[in-house]
Structure formats: structure tokens, C-alpha cells
Amino acid sequence: MRVATWNVNSVKQRMPRLLAWLDERGPDVVCLQELKLTSDAFAALLGEELADRGYAFAAHGQPQWNGVAILSRVGLDEVTLGVEGAPGFPDPEARAVAATCGGVRVHSVYVPNGRAVDSDHYHYKLAWLAALREVVREGPQDVLVCGDINIAPADADVYDPAVFVGHTHVTEAERAALAEFGLRDVVRDRWPDQRVFSYWDYRGGMFHQDLGMRIDLVLAAETVAGRVRAAWVDRKARKGTSPSDHAPVVVDLDEAPDGDIGPVVPPPSAPRTRTTRKPPRD
């Protein structure tokens, strides 16, 4: 089972790239973040295209901001929108959706940014993470938490730790909150010493200089982490015209169609011949 997570930074803007990527990589489960449109608008925009590709989906959208979804072609059961007990800012935001896919409880999350250390939004971030942690702990044993976590787990996950001193994403409290989930960071587990990022700011040629951060994570329970055969960042998806500022993170369970191909992977999968073009009508 191939599981991926991708902050698309507006699914409407990224729709052609997303559909082409689904055809190229063939993931079984996809967690999306920053939809930036309502659930109904997501269904109207992508429902038919996803159905044609065999995906069921659950979306938790919000106009203009936030929004998360799970796409699955291996089942989509017991869907839950939001995080029970989580605070809002001030109202609840569309930052989490969960479903059981292929026997695994999958959470697609877009963790609050935190904005500035010790700000109201920073404390909101920590409280939101604590509520998510309780939901995960009380849920099924076989679990994946996937998404834009907005935390770099270690100094190795930012291009220059000195630049980030005094900023969010790297503070002791944020990293401690992440560690308290007790889940395995499967990309770092598989590639402990390699430079690997998932996000590059649009400004200043950051991507081309590889000045990035690793804040998009796949966190797995021990039972699921033991099934990982490959874990990598699809850097190719960050290239080209109108990309998201994030790249997808891909994890293969049980078998690895492309092999154990490294932490950051630009080449495509085997070419796919499928076309979405519909036949002409008489």
C-alpha cells in the first residue's frame, strides 16, 4: 500500500499537477492539506476525476484557508472530521480528517503554524497538538499521522539551525509535543543521516539552493512502521510551473514498486499509459 501526504497550497491552483501526479505515482492513500476551499467545492472540482481513478474521498474544507482531505482506493471507513476537544482560533478550523484505509487508521492533519513564539497562536498550536495526541492514543493501534506538521523534528531538518533560533517550528516545546505522540518518523528512520527537506519557501531561490525544511511528516505506530519498505520525498513534484511550496512525502508499506530509492527522489515512476480523456459522443 502506497501512502502519500502533500500540502498542495490550494487544490484549485494545483489541480492539473495533482491529477498528473496521481497517475504517475499511483498512491493508494493520499492525505492533502491546504485545500483552501469548502468541502462541497472540493467535491465539485475533483469528485468525478477522483472517481474515474478509483478514489473515494473525505474532505474537511474551509473557504480560502486550511482544509484537509483523504483520498483512498483501499477503503474509506469511519470518517471523522476535526479533532475532538481541540481548540479553535477562536472558532474550530478545518485542520484534520481521519479515516480507516486498508486496515490502518489514517489522520490527515494541517497543524497550526504557531506564527511567533509565545503568541496566542503558538499556544493554540500546542493545545491543538495535545488534543490530537489524545485522539490518536485512544484510537486503533495501527495508525498513521500524515501531513504538514509545521514542526522540524531536529536541527538536521532545517537548512541552518542558527537562522531559526527564536522562531517557531524548532522550539523545545513544539518538538517535545511531537515526541509525545510516541510514533515513528519513518522517513528519518529510513534515512538517518541524509539531508532531506519537504518544504522550500518560494522566495529567493530557496528551492534551487536547497534551503528548505522537513515539516511534512509520516508518523507511524510500531505495527505500521515495521511494514515500511520505502520512504521518500518526491522532489520532482516541487519543480516546474506553478508548484506548491511543499513536495509530497511517499511511504510504501509491504512492497516498494520503485524500490528503496533514497530520501529525495526526482525521477518518475514507470510511465503510465492511462488517459483521463473521455471518448467522443455520437
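Helices here are DSSP runs of H or I with at least four residues and strands are runs of E with at least two, both numbered from the N terminus. On that count, the protein comes out with seven helices and twelve strands. This is a predicted model, so to speak of local features takes a pLDDT of at least 70, and side-chain atom pairs count only at pLDDT 80 or more, while totals for chains, interfaces and linings use all residues. Residues are numbered from 1 along each chain as its sequence is written, and side-chain values use heavy atoms, with hydrogens and water left out.

Overall dimensions come next. The radius of gyration, taken over C-alpha atoms, can be set against a globule rule of 2.2 Å times the number of residues to the power 0.38. For 282 residues a compact globule would sit near 19 Å, and the 18 Å of the protein agrees with that. Along the principal axes, the C-alpha atoms fill a box of roughly 65 × 40 × 40 Å. Taking contact to mean heavy atoms within 4.5 Å, 73% of the contacts between residues at least 6 apart in sequence join residues at least 24 apart.

Burial is scored by relative accessible area: under 20% is buried, over 50% exposed, and in between partly exposed (1.4 Å probe, protein chains only).

A disulfide is called when a pair of cysteine sulfur atoms lies within 2.5 Å, and the structure holds zero of them. Cys31 is in no disulfide, its nearest cysteine sulfur being that of Cys146 at 4.2 Å. Cys101 doesn't pair up either, because its sulfur is 7.3 Å from the closest cysteine sulfur, in Cys31, too far for a bond. Cys31 is buried at a relative accessible area of 0%, and Cys101 also counts as buried, at 0% relative accessibility.

The peptide bond from Phe89 to Pro90 is cis, with omega near -5°, and Pro90 sits in the loop between β5 (77–81) and β6 (96–101). Ser10 isn't a glycine, yet its phi is positive, near 95°. Ser10 lies in the loop between β1 (2–7) and α1 (11–25) and counts as buried at 7% relative accessibility. Gln64, again not a glycine, has a positive phi of about 75°. Its place is in the loop between β3 (56–60) and β4 (68–72), where Gln64 is exposed, with a relative accessible area of 58%.
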